[in-house]
Amino acid sequence: MNQKSNRNLEKDVDKSRRTLLKTFLAGTALFALENALSPLNTFAQQRNSHQTLKAVRYMAVHPAGVGFTQSVASGDPTSSGAMLWTRVDPDITGIDAVSAEHPNQNITEWLGNGTVKNTDFIEKGQAVMVEISKSSDFSTTVLTGFTPVWKDFDHIVRLDVDGHLEPSTSYYYRFTTKNGFISQTGRFKTLPAEADNSPVKFAYITCQDYTNGYFNALDHLADEELDFVVHVGDYIYESVGDPLYQSPIEGRKIVLPGGGIKARTIEDYRTIYRVYRQDGDLQKLHEKHSMIGIWDDHEFANDTYFPAIAPDDSLSPDPERRLVANQVWYEYMPARVMFDKELPFDQSIKIYRSFKIGSMAELIMTDERLYRSPHPCGPATTDKYFSSGCSDISNPNRSMLGTEQREWFLSKLASSDAVWKIWGNEVQFAVLKLFGRHLNLDAWDGYDAERRRISQHLKTFNVKNVIALTGDFHTFDAALMKEDYINDPDSEAVGVELMVGSVTSSNLREALRNALNNVPTNSSPIPLPVLDELIRVLKGRLGTVTTLTAELLLKELQGIIKLENPWMKLFDSTTHGYAVLELSQTKAVWTTYTVDQIETKGARKSLHWQCEIPRDKAELRVLEAGKLLNLS
Ligand SMILES: [Fe+2]
């Protein structure tokens, strides 16, 4: 049966079901068996006479959202579907979910496809009913089915509806339990069909330390008209009150079951995701848009590298902790990836993946943490930040991506026939030096040999229109990607890097302010001892100035950064927000938005910057009030 006749049949089933339920129920939770009335059953029984076939339906009796404490989410859209996600709160719903070593979404039962052959988990109420509709009132549905709730995976639901839906279409979805709990309604948009060259508009975000502020940026972002949202990592912070860089604000504290300040166990990590997903602004974002997410370090541990090393805690590998962090990321992110806890941590999950967005763009998302080599000059804080460098920076045997992923990434870049090659990149690509020292060797500056390999590859294969979307550094910046920053800084750029500031994590201004006031700084991009050193050097430069404010220090610092790193066209580490990228046949337009505060709920949004990147030219044209601003 093709999809279209499937849908027609489903509409008929829906119609007869609604008639039945109206007369049968009058508002009670119901598990209705419609054998006698359903045209589905007649059809299916003719085809599979040996099977017991039932058309069933769960009915809501509770207000929407109750029992779905973490609401709903969707992700990884394709031209014919997306991943759908929810969590059924066992404490509220009392659900007895399905126990299994591996979630197996293939046992999802779709009403109307004539192949319902095992309704056991549906009859026991171990499933949710999922409805997908083109209208927010679900007056008609294009798909209705049942999919298990996974008890051993924190009572989550993961459902891939790829292959079921139409391209470039907005859909609504919701979940219902057998005993009458119903979720909020979510919405997502499918991607354009393969040959479609329509413009694409999406947003991207990074670094959302819950304990450091309110997700006001996400509230505004949710209201944007977008095709999807990209998250380039630090979706959660594993530490919830590390005195080295955190002092949670009132009302945003997280208490871990293990009692520590960092997540170590599966219940610790789950607690963090549950709390984050109870945030109204983050919920709103997930309800309104699908998300394509990758992790950075804090989904496991600060500055992590292979083999599962959390360098702030120990220089010995901790594969068990990494494995549970992988599992919980898999449980909570609506990503089309597999997870197998029986495998070693680095094989248990593979999050790098790509998306074809019509013929306009290919979005290539990389994993820059699971396989990466150690930091080049050593694990100490001052070896990583504000470092004078060492020879291993250019050691060709060191890698951020790992051999397998690098080969995949390079071949994706060279073989894509899309106009724009968009790279979901976690950490800064462009060189960032200050007073001749490397400001951040945890970024690509610490992996120069592999960085050159990527740039040379782009040049060799004449790959045009490459844009790297970067997060991690809690700073907005726009930079040119160069093949050789140091020896040939005037060479033609091979791409453009657009870094988005953080949602809440401390920017450099906040970090400097806190360091001046001896306050433990919140999720700073640069650790406290290094900030002190930075302040010392900046003070030396400013000389006779008596009152040193964070603003003054930052102004000095930002000026020096732009002078010393001429490929960095814009740099602003004073604010929080998100970025929007619009891609068309002739240009890419990058717009950043900021919020005026994060200390309390609710903020004003402002247009921050706008830049154009013309097609086939790796150039940044900064727009101000609709005009081009010449920066050179
Ligand atoms: Fe971060």
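Residues are classed by relative accessible area as buried (under 20%), exposed (over 50%) or partly exposed (in between), using a 1.4 Å probe and protein chains only. The structure is a predicted model, in which local features need pLDDT of at least 70 and side-chain atom pairs count only at pLDDT 80 or more, while totals for chains, interfaces and linings use all residues. Residues are numbered from 1 along each chain as its sequence is written, and side-chain values use heavy atoms, with hydrogens and water left out.

A search of the whole structure for disulfides, defined as pairs of cysteine sulfur atoms within 2.5 Å, returned one. This disulfide is formed by Cys377 and Cys390, with the sulfur atoms 2.1 Å apart. The pair links distant parts of the chain, 13 residues apart: Cys377 lies in the loop between β15 (361-365) and α9 (381-384), and Cys390 in the loop between α9 and α10 (403-415). Helices (H or I, at least four residues) and strands (E, at least two) are DSSP runs, numbered from the N terminus. The link of Cys377 and Cys390 is left-handed, with -90 degrees about the S-S bond. Cys390 is partly exposed because its relative accessibility is 29%. Cys207 is buried, at 0%, and Cys611 is likewise buried, at 0%.

Arg87 is located in strand β4 (residues 81-87) and is classed as buried because its relative accessibility is 5%. Polar contacts are pairs of N or O atoms within 3.5 Å; within protein, one must be able to donate a hydrogen and the other to accept it, and residues adjacent in sequence count only if both atoms are side-chain atoms. The side chain of Arg87 makes such a contact with that of Gln70 at 2.8 Å and with that of Tyr332 at 3.5 Å.
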